There are 2 protein chains.
Amino acid sequence: MTASHDLEAQLLLDNQLCFKLYAASRAVIRAYKPMLDELGLTYPQYLAMLVLWEWQASPPEQATVKALGERLMLDSGTLTPLLKRLEQLGLVQRRRSSADERELCLALSAAGLALRDRVLPLKQRLLCESGVDVNELEGLRESLGQLLALVRAHS
Amino acid sequence: MTASHDLEAQLLLDNQLCFKLYAASRAVIRAYKPMLDELGLTYPQYLAMLVLWEWQASPPEQATVKALGERLMLDSGTLTPLLKRLEQLGLVQRRRSSADERELCLALSAAGLALRDRVLPLKQRLLCESGVDVNELEGLRESLGQLLALVRAHS
DNA sequence: AGCAATTGAATTGCACACAATTTATTCATC
DNA sequence: GATGAATAAATTGTGTGCAATTCAATTGCT
């Protein structure tokens, strides 16, 4: 194995961590599709709901668009239309903060809260049908967390 | 730790492998941005070019849109406009196969071929500046490959 | 109080992703 | 050789992502 081989190999698609990440992410989102179709949500909408459900149990100081954006690492350009759709679906309420009119506060509607109960059974079923060994995923989740921390630190 | 705690924990964002994948993928794409800006490419365009460069060294039976789509796991709805943009940039040539008029054959222009030489130095610099330890990424790449194979097998 | 700088959302514009449909071509079978 | 099924791209429509800008509200400073 020569040095130039090593270098050239760095341009092979299959050696690209970035491609594997990108492809795996889309593949997992695709795997979630049947479940999300039943819930009537898109994947990023589902992630937003996860945060809002979490906030029910342990409310943050401010349940604003900004806070949600920091949690999901998404900006208002993505979240504003997404949240308007969740509002249209009757799952989320959006209202300006009275303390600071710049902030938009987010709250779950009754339907949004109720939707939570349908998720776990669907997710269990998905996990079963996918035939994925949960224990195998532990290590991956940890490595991903490290990579994420690393990339975020250097940006 | 009760059973219901275990279940509830499955809805916490930070416990979602899917979210970590999704966030890490976007973070890595963001990290590539400075390099891709210099090349004048978007991230999926870069991936397409990686495949086309690879095909120079070892040509596939058919260098078609379909073959590229299988390699990148993307469909024509994504690739058609993307490839038209690469053609506009003067990097790629698109022409119907004479053997089968349904197929669209892809080829690199001289400029497309030449662009390859600028990638490795930029990538080396990116890797250095990011401060990422390449060895740490090996394990992650392997786990991702396994996950990818797993999810693809069950779809 | 007055005003510049900052902040939080919204908006705009571009490029994906992907489902669903359409169109053109080829294949298979009769 | 006609024709129905299959195939490869292209098209259409919806929903992100994200950079850049705009707008309104607030904060800091004098």
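The model is predicted, so to speak of local features a pLDDT of at least 70 is needed, side-chain atom pairs count only at pLDDT 80 or more, and totals for chains, interfaces and linings use all residues. Residues are numbered from 1 along each chain as its sequence is written, chains are lettered from A and ligands numbered from 1 in the order in which they are written, and side-chain values use heavy atoms, leaving out hydrogens and water.

**Salt bridges in chain A**

- Over all chains, the structure holds 20 salt bridges, each being a side-chain nitrogen of Lys or Arg within 4 Å of a carboxyl oxygen of Asp or Glu.
- One of them pairs Glu54(A) with Arg71(A), with the closest N and O atoms 2.8 Å apart.
- Glu54(A) lies in helix H3 (residues 43–57) of chain A and Arg71(A) in helix H4 (residues 65–72) of chain A, so the pair ties together parts 17 residues apart in sequence.
- Helices (H or I, at least four residues) and strands (E, at least two) are DSSP runs, numbered from the N terminus.
- Glu54(A) is buried at 16% relative accessibility, while Arg71(A) is partly exposed at 24%; buried means under 20% relative accessible area, exposed over 50%, and partly exposed in between (1.4 Å probe, protein chains only).

**Salt bridges around Arg125(B)**

- Glu38(B) and Arg125(B) form a salt bridge whose closest N and O atoms are 2.8 Å apart.
- This pair links distant parts of the chain, 87 residues apart: Glu38(B) is in helix H2 (residues 17–39) of chain B and Arg125(B) in helix H6 (residues 110–130) of chain B.
- Arg125(B) also meets Glu129(B) in a salt bridge (3.8 Å, N to O), and both lie in helix H6 of chain B, four residues apart, about one turn of the helix.
- Glu38(B) is partly exposed at 44%, Arg125(B) is partly exposed at 40%, and Glu129(B) is exposed at 56%.

**Around DNA strand D**

- Of the 30 residues around DNA strand D, those that come nearest are Thr42(A), Gln45(A), Tyr22(B), Ser76(B) and Lys84(B); a residue is near a strand if one of its heavy atoms lies within 4 Å of it.
- Sugar or phosphate accounts for 77% of the atoms of DNA strand D within 4 Å of the protein, and bases for the rest.
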